[in-house]
Amino acid sequence: MKILVIGATRGIGKAVMTAALGAGHEVRALARSADRLDAAEGLEPMAGDATDPAVLRAALEGVDAVVMALGIRESLSMLWKKVTLFSDVTSALVPLMQQQGPDRLIAITGIGAGDSRSALSQAERIGHKVIFSEPYKDKTRQEEIIRASSLRWTLVRPTILTNNRGSGKYRVMVEPESWRMGMISRADVADYILRALSDDATVGTAPVLAR
């Protein structure tokens, strides 16, 4: 499989890139700093701005699936400054995928986005509102755009992320009544994403992931 990973130089995107290459897939890695990636067999770095439709159009050529692993650097300004990166990129990407393909999209958002906010306790909701309100408002907008599309999508909602090694032991909570807060390594999230790419049963689902 040839996979376009958007946001491939950091966090989950980097973990997906590493796992996909290790599994023998080809990866086109799109990020502003992709030209700094070390050379690897099967890796095609593509430096560019993912909000630019022209960049996205070129990035989509010849790939079988897209993994959108966008992230922002945490800072005090996100307490009050409106975040639009997630919805901006999604608004540009989805129409292009619907027009030219591919039709398979996995987007990483997080617990607290969309209807998964219902899984948070009162204390967790207060924490989200104080610290992550703006990013998660935009992740919710992102999810809404994807859900309204004709794509074969999966929304992946990790809980608190760690840099621990992958364990292969984690819970995939699809049903809302099973959702709960927890922790999970970025490596395990990447493991689930690669499994989901080849599993049609995950299409149209929005699981929460935790150990």
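This is a predicted model: local features need pLDDT of at least 70, side-chain atom pairs count only at pLDDT 80 or more; totals for chains, interfaces and linings use all residues.
Residues are numbered from 1 along each chain as its sequence is written, and side-chain values use heavy atoms, with hydrogens and water left out.

Me: Why is Met 17 called buried?
Reply: Buried means under 20% relative accessible area, exposed over 50%, and partly exposed in between, with a 1.4 Å probe and protein chains only. Met 17 has a relative accessible area of 7%, so Met 17 is buried.

Me: What does Met 17 touch, leaving aside neighbours within four places in sequence?
Reply: Contact means heavy atoms within 4.5 Å. Met 17 is in contact with Ala 8, Val 27, Ala 29, Leu 37 and Leu 43. Met 17 itself lies in helix H1; helices (H or I, at least four residues) and strands (E, at least two) are DSSP runs, numbered from the N terminus.

Me: What makes a nonpolar core, and which residues touch the most other members in the largest one?
Reply: A nonpolar core is a set of buried Ala, Val, Leu, Ile, Met, Phe, Trp, Tyr and Cys residues joined through side-chain atoms within 4.5 Å. The largest has 31 residues, and Met 17, Val 27, Val 67, Val 156 and Ile 193 touch the most other members. Among the elements giving two or more residues are strand S1 (2–6), helix H1 (11–22) and helix H6 (186–197). H6 gives the most, with seven residues. Apart from this core lies another, of 28 residues, including Leu 30 and Leu 93.

Me: How do you know that the length of H3 agrees with what a helix should span?
Reply: The expected span is 1.5 Å times one less than the number of residues. For the 16 residues of H3 (residues 85–100) that should be 22 Å, and the end C-alpha atoms are 23 Å apart, which agrees. Just after H3, Gly 101 takes a positive phi of about 80°.

Me: Why are H2 and H3 called oblique to each other?
Reply: Axes are lines fitted to C-alpha atoms, for helices over the stretch in contact, and angles run from 0 to 180 degrees between N-to-C directions. Angles under 35 degrees count as roughly parallel, over 145 as roughly antiparallel, 65 to 115 as roughly perpendicular and the rest as oblique. H2 and H3 pack at about 45°, with axes 10 Å apart, and are therefore oblique. On the H2 side, the contact includes Leu 56 and Arg 57; on the H3 side, Leu 93 and Met 97 are among the residues.
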